[in-house]
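Please look at the model shown here with its charged side chains in mind.

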Amino acid sequence: MTSVPTTASPALSRLPSLTGLRWIAAMLVFGYHAGTMRIVGQPDAKAVVDWLFTLGLSGVQFFFILSGFVLVWSARDGDRRRDFWRRRLAKIYPNHVLTWAAALLVMWWFADPVVPRAALENLFLVQAWDPTPGYFYSINTVSWSLSCELFFYLCLPLVLPAIRRARSGLLWAVVLAVPLVILALWPGQELVPEGSNWWFTQVFPLVRSTEFWLGVAAAELLRRGHWRGPGLPLASLIFVATWVAAHWIPAEMWAALLSAAYILVIPAAARADVQGRWSPWRHRTLVWLGEVSFAFYLVHVLVMVTVLRLTGRLGVGLPGWSGPLAVLGFLVVNLALAAALHRWVETPMMRRLAPRRRTPPVPAVPGGAAPVAAVPGGAASGDPVSGGLPSTGHLSGPRQVTPSDQGVHGGAAPGAGSTVAGAATRPGALRAGRVGG
């Protein structure tokens with residue numbers, strides 16, 4: 001248990017391990033959605049998918065925590081708020097607008113009804129504030145989490161000066177309190193009007209921001225050299241043990257336990273990069289996959305549901321080996337589309353729309369010595385969340401969600417916006433509680 005040094009080499013301050021971990025989280029979400037769509041029909045293979053990916057719906061929790069961590073780690077003193085907001089919009093909006101339009105085109109093809117209010121809320125990423133069933137999961141359903149992220153982006157520059165001044169004891173109080181707050185959401189949802197408790201605990205940006213602030217507090221502690229936590233091997237082992245043990249732990253405790261496991265892994269991976277220690281998540285292939293994970297996230301459910309509807313197989317398991325092969329095919333197709341979107345849309349639009357970072361003046365060093373850059377928190381390799389958000393909500397206790405609650409494509413609640421990315425929910429996920437959109 002050691003603290004991170006207050007300086008780091010610029011090459012390793014980019015935190016490539018966190019970029020690699022983005023792909024692992026995205027794959028968990030992909031597997032979860034493949035399970036909820038019941039692509040695999042062979043009982044033994046389906047049981048394996050269900051066991052491996054039932055908790056994949058917690059992936060968005062990982063990304064919200066990771067987003068707060070990296071944005072604070074990479075924040076530069078003196079950076080203008082409007083420049084920060086412009087960079088965030090340049091990162092998420094081009095891909096979002098393109099997939100939003102693609103989802104509407106698919107809905108037109110299937111003659112699905114489109115509610116203008118739901119479509120506009122989704123376009124401007126304010127749908128997560130609307131508790132109307134079917135609206136927060138409208139059009140390309142996975143974009144509800146971008147609606148939350150947009151709120152986080154708005155808040156961070158306003159709060160960051162206070163974060164920098166806060167005592168480390170207060171930051172540690174945030175780290176310890178957030179998992180308890182998440183645990184309290186399970187009984188607390190009974191205070192919310194019936195019909196809105198799902199939206200309140202799973203989607204409402206104010207509630208989901210607790211995970212973001214958890215990452216913010218941990219990053220500031222690591223930045224100061226005050227973080228105390230296990231190294232990457234032990235933190236990874238704790239996470240795997242928590243993931244496995246959660247299958248025998250009451251579902252209402254899943255989110256709190258996983259948030260604690262995530263907040264051990266993320267700073268440990270960052271510290272490994274800063275200190276130049278070995279990390280399996282820093283491999284070049286994993287880093288590239290992490291870089292395209294945002295585009296992968298935006299297209300994967302849209303593509304799978306569209307193909308399954310065209311073939312009449314949505315919610316109907318494919319027999320034998322055709323199910324696993326179909327999942328593998330979806331993985332390859334979505335990855336190819338994500339790579340194209342990242343190269344031809346996301347990257348060039350970032351260059352065109354985002355402002356250049358302002359380089360602060362380097363103070364003169366007495367005696368004429370060359371200045372040495374002290375980089376406690378350099379920019380990460382891309383934004384962790386807008387670089388690969390999973391679409392699912394974090395977990396709480398057992399609560400069954402009807403197709404109309406999720407806004408299932410072609411079967412949204414009356415008056416709700418039809419969704420392209422809706423998917424059938426497997427019984428195991430219903431028992432688990434939180435089901436992603």
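Predicted model: local features only at pLDDT ≥ 70, side-chain atom pairs only at ≥ 80, totals over all residues.

Side chains of opposite charge can pair when their charged atoms come close. With a cut-off of 4 Å between a side-chain nitrogen of Lys or Arg and a carboxyl oxygen of Asp or Glu, the count comes to 13 salt bridges.

One of these joins Arg-80 and Asp-83, with 2.9 Å from N to O. Asp-83 has a relative accessible area of 5%, so this residue is buried. Arg-80, at 33% relative accessibility, is partly exposed.

Another salt bridge lies between Arg-117 and Glu-121, where the N to O distance is 3.3 Å. Both residues belong to helix H5, which covers residues 116-123. Within helix H5 they are 4 residues apart, which means that about one helical turn separates them. Glu-121 is buried, its relative accessible area being 14%, whereas Arg-117 is partly exposed at 41%.

Asp-273 and Arg-282 also form a salt bridge, and their closest N and O atoms are 2.7 Å apart. Here Asp-273 has a relative accessibility of 0% and therefore counts as buried.

Key:
Residues numbered from 1 in each chain as written. Heavy atoms only, no water. Buried < 20%, exposed > 50% of the residue type's maximum accessible area, 1.4 Å probe, protein only. Helix = DSSP H or I, 4+ residues; strand = E, 2+ residues; numbered from the N terminus.
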